[in-house]
Amino acid sequence: MLGALALVAGVVLWKLAVVALAIEPYILPPPETVISRLVDGIGSGSIVTHTYVTGAEIVVGFVAGSLLGIGLGIVIALNRWIEFTVYPYIVAFNSIPTVAITPLIVIWFGTSFQSIVIITALLSFFPLLVNVIVGLHSADGEQVSFMRSLTATKWQTFRIVRIPSALPSVFAGLEMAVILSIVGAIVGEFIGSQEGLGYYIILSQTLLDTAGMFVSFIILALIGALLSVIVKQIGRKTVFWQEIEHRGYA
Amino acid sequence: MSSGDPALSTKRPMRAGDGSSRATTVPAAPSRLRSLDLIGTRSGRALLTALTLLAGLVVWQLAVVALDLEPYILPAPGDVLNALVDAIAEDGLVKHTYTTAGEIVVGFVAGSILGVAIGAMIALSRWLELIFYPYVMAFNAVPKVAITPLIIVWFGTGFNSIVLVSALFSFFPVLVNVVVGARSVDREQLSYMGSLTATRWQTFRMVRIPAALPSLFAGLQIAIVLAVSGAIVGEFIGAKAGLGYYILLANSLLDTTAMFAAFLVLGALGALLSWAIGRLARRVVFWRQIDPGGVG
């Protein structure tokens with residue numbers, strides 16, 4: 001309710017500001033220009049294509065990166081040798097902002113859907129990896145001892161105690177990864193792509209078509225909100241025993 | 001152990017994970033040193049990490065030679081070091097690094113201060129919260145990287161624009177964490193201050209601020225990482241100096257070796273800044289472990 005009110009008030013203020021301060025359209029376009037650009041884009045299908053491409057990059061990259069992160073996280077958490085040899089280097093590699101590596105990925109894989117998916121997957125990978133390791137290590141010592149007293153096998157202990165303890169952390173990682181996936185897809189498109197919302201933003205920038213940029217912003221915000229809500233809901237259903245904190249920044 | 005007199009207890013079992021590789025006293029020494037004991041000691045771990053680094057470099061060098069990889073695909077480690085030295089000596093890598101570091105630090109500080117200020121205002125005033133928080137959240141929903149080109153359109157290319165981008169990236173984590181932290185005050189502590197007839201300012205100073213600090217510093221740790229990303233993305237879009245610009249330049253020349261050199265410098269810069277904030281966090285919030293989570 002309050003959100004809707006704030007939205008309407010915001011749009012009104014926006015319009016007033018543009019008119020009263022006589023702002024040039026390339027600095028801040030009035031709301032109706034943005035809406036008409038959006039409608040035109042949907043009508044001509046171009047915005048739909050861009051949205052679809054970006055959406056696909058985000059989802060595929062997110063899933064791939066998350067699965068990789070979870071898989072490797074399980075391996076590292078269960079094996080101390082690997083933890084002390086490989087893990088420090090993964091952490092070190094993460095010091096280099098993944099966005100900076102984007103041009104290299106484009107050199108290696110060309111300007112294509114795959115490159116963007118790789119960048120997105122790389123960005124999703126690390127939060128999942130870290131959170132899976134933290135989560136698996138956070139298993140209650142007493143519970144593990146209890147399982148041992150019941151002569152449970154390692155696999156049973158893993159399945160019955162460790163995995164549930166890790167789930168809250170894993171879903172927190174997934175929420176982070178979703179947001180990072182969007183960032184990755186956009187930056188990837190900035191550097192090396194001829195389609196997608198990121199590309200559309202750069203195109204609009206070169207044409208000083210600020211209204212077009214705003215259209216992209218709105219669509220990206222909606223995609224982000226949608227994906228975040230989906231992940232949060234799945235998280236809440238799966239980790240039904242826990243309150244999930246709200247932390248949001250992109 | 002239960003006697004409690006330190007002078008009397010001389011027997012302590014040898015335990016891995018102590019951090020010491022020397023035995024104190026040896027009641028009944030184990031007959032074989034298990035390999036896992038190596039991992040238990042700090043020096044053992046450090047040695048393992050160093051060996052892996054060496055092994056990694058060797059594998060890298062071998063791969064480049066054996067697979068006869070073009071330098072623009074994967075340069076050899078030696079070439080990267082050469083490129084690094086050259087870049088410092090000739091291409092002004094130092095200047096670029098300095099520019100980017102400046103953008104990051106100034107942007108981070110500006111964004112954080114703004115985040116703290118607005119966060120504090122929102123946390124303390126229900127009116128401001130009701131008015132502003134929806135806009136903050138809506139604005140936050142748009143990925144900041146997407147907004148970067150708009151910032152360049154508005155403010156042009158150059159140091160100041162990138163500072164603004166970096167500040168924008170830093171602002172939100174700090175804001176959100178300040179609000180969360182300020183709200184996390186223990187009600188009992190507030191009642192207690194009330195019972196001591198403390199003024200609002202005294203309560204603020206002695207209870208609210210310390211309660212918010214762990215969250216604030218977690219936010220700062222996230223913000224510094226984002227500030228680095230922000231500066232790089234900003235330079236990608238619109239800059240003529242800095243490490244991001246240098247990477248794009250190397251990209252256009254297919255000079256992968258130079259790119260790797262820039263990655264090393266950038267990684268070191270990012271790690272240094274993160275470490276610095278981490279140290280500050282540990283000193284200021286000495287009573288708690290800060291957990292910012294893993295953000296790339």
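B:Asn251 sits in helix H10 of chain B, where helices (H or I, at least four residues) and strands (E, at least two) are DSSP runs numbered from the N terminus. Is this residue buried or exposed? B:Asn251 counts as buried because its relative accessibility is 17%; buried means under 20% relative accessible area, exposed over 50%, and partly exposed in between (1.4 Å probe, protein chains only). Setting aside neighbours within four places in sequence, B:Asn251 is in contact (heavy atoms within 4.5 Å) with A:Pro103, A:Ile107 and B:Met259.

Before going on, a word about the source. This is a predicted model, in which local features need pLDDT of at least 70 and side-chain atom pairs count only at pLDDT 80 or more, while totals for chains, interfaces and linings use all residues. Residues are numbered from 1 along each chain as its sequence is written, chains are lettered from A and ligands numbered from 1 in the order in which they are written, and side-chain values use heavy atoms, with hydrogens and water left out.

Now let's step back to chain B. It has 11 helices and zero strands. Of its 296 residues, 43% count as buried. Among the contacts in chain B with a separation of 6 or more, 71% join residues 24 or more positions apart.

Next comes the meeting of the two chains. Chain B brings 56 residues to the contact and chain A brings 51. About 4,600 Å² is buried between them, with carbon and sulfur atoms giving 76%; buried area is the accessible area (1.4 Å probe) that two parts lose on being put together, summed over both. Three residue pairs are in polar contact across the interface, both residues at pLDDT 80 or more. Here a polar contact is a pair of N or O atoms within 3.5 Å; within protein, one must be able to donate a hydrogen and the other to accept it, and residues adjacent in sequence count only if both atoms are side-chain atoms. Several helices of chain B each supply at least two residues to this side, including H1 (35–40), H9 (200–238) and H10 (243–252). H6(B) gives the most, nine residues.
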